[in-house]
Amino acid sequence: MINQDRLKNLLIQLIKIDSLSRKERNVALRLQREMESLGAEVWIDDAGDKVGGDTGNLIAHFHGTARGAPPLLLSAHMDTVVPGEGIVPVLDGDILHTDGRTVLGGDDKSGVAIICEVLRLVKENQIPCGDIDVVFTICEEAGLIGAKCLDVSRLRASTGLVLDSDSVGFLFTKAPAANRMEFRVRGLEAHAGACPEKGISAIKVAAEGIARMRLGRIDDETTANIGVIEGGMAVNIVPNSVVLRCGVRSHNEEKLERQTQHMLQCLEEAAADHVLELDGKRFQASVEAQIERDYDRMHVPDDSAIVRLVRAAAKNLRVELKTLATGLGCDANVLNRKGLEVANLSTGMREIHTVNEWLDLKDLYLSAEMVLEIVKLNGASH
Ligand SMILES: [Zn+2]
């Protein structure tokens, strides 16, 4: 039933519109036209002002014709990661990839295109369905901050799907919570040649702290990473400051806090080893920590209405569906936190966040069939 050419062409069109985080305006305008042409009531919220972007989240209300059917949320994000400007999509048979210079942006233009195609089919074929709330968010890749700014009281749906994950047949229902940390290690500056003994190298302190840390895969529920390290001024200065930007994710709140504190503690212990007496004054290396909750965990039960709905649709299409936990956060984490029940359905995107990103159009079409079936089944339930 999916109009494959139309879906493919829309996806390619959307991919060609640059939309790095905070610069989604052109794609939002394109989608606003699309949604309005389908008869939806559309508005763009003020999230763009709040996050310093050039557009807000796009919200579209469709009025369904099936009385009594519960409203359903369909959501995807409009922004893409770097390098993501001037994307040249290349089609080899059914495989869509890039020229190797940029990401494809199938994350998450594939989700956006599927939602548009399904709503077109609903309208063309007058398929009975409940009200549908579409949310196309900004800045998912910048820390889910578009979704965080979304006023969910303006939605009618309390359950639905985010379309933002890879292989077809997977429904992600569990995702970790995450902390984001910035540790600043302070030392004492001195001339590196004339009097290094009057300095404390912040780089050395940080290195000793890092060497003590458990990092990477901590256990089956927890991961930790130091992603960015910056510090020092010149080769002839003992560095007085180093900043480490780190992240910890876990499906378990207690483990999340334990790992976060472990990393801080390792740096503090290393700092305590570096004490200097200078002209009767005592200096010690130190650590300043900024610890922020990046997002909360998502945990949609297997017997929830949305999981049962997706299962039923998969069964009708003879797709084997697996509910899974992911190690990543997405807008669904935020929406669940805000009181909705939202799972993350796959679209066919692969090797995302790399210049090797690709997508098999057959997967895209099957995902669209799934979403259409979900909308139909939801329309039939009351
Ligand atoms: Zn994504």
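**Exercises: a zinc site and an open sheet**

The site of the zinc ion is irregular, with angles of 51 to 141° among its 4 donor atoms. This is a predicted model, in which local features need pLDDT of at least 70 and side-chain atom pairs count only at pLDDT 80 or more, while totals for chains, interfaces and linings use all residues. Residues are numbered from 1 along each chain as its sequence is written, and side-chain values use heavy atoms, without hydrogens and water.

**Exercise 1.** State which atoms coordinate the zinc ion and where Asp107 and Asp164 lie.

Step 1. Along the chain the donors have the spacing H-x29-D-x56-D. Asp107 belongs to helix H4 (residues 106-124) and Asp164 to strand E7 (residues 159-165), so the pair ties together parts 57 residues apart in sequence. Helices (H or I, at least four residues) and strands (E, at least two) are DSSP runs.

Step 2. Asp107 is buried at 5% relative accessible area; Asp164, at 10%, is buried too. Buried means under 20%, exposed over 50%, partly exposed in between (1.4 Å probe, protein chains only).

**Exercise 2.** Describe the open sheet of 5 strands.

Step 1. The order is E11-E12-E14-E9-E17, with antiparallel pairing; strands pair if DSSP finds at least two bridges between them.

Step 2. Strands E11 (216-219) and E17 (286-295) are the edges, each pairing on one side only.

Step 3. E9 (residues 177-186) and E17 share 9 bridges, and Val185 has Val287 in E17 as its bridge partner.

How values were computed:
Donors = N, O, S within 2.8 Å, 3.2 Å for Na, K, Ca; no water. Tetrahedral: all angles 85-135°; square planar, octahedral: opposite > 155°, others 65-115°.
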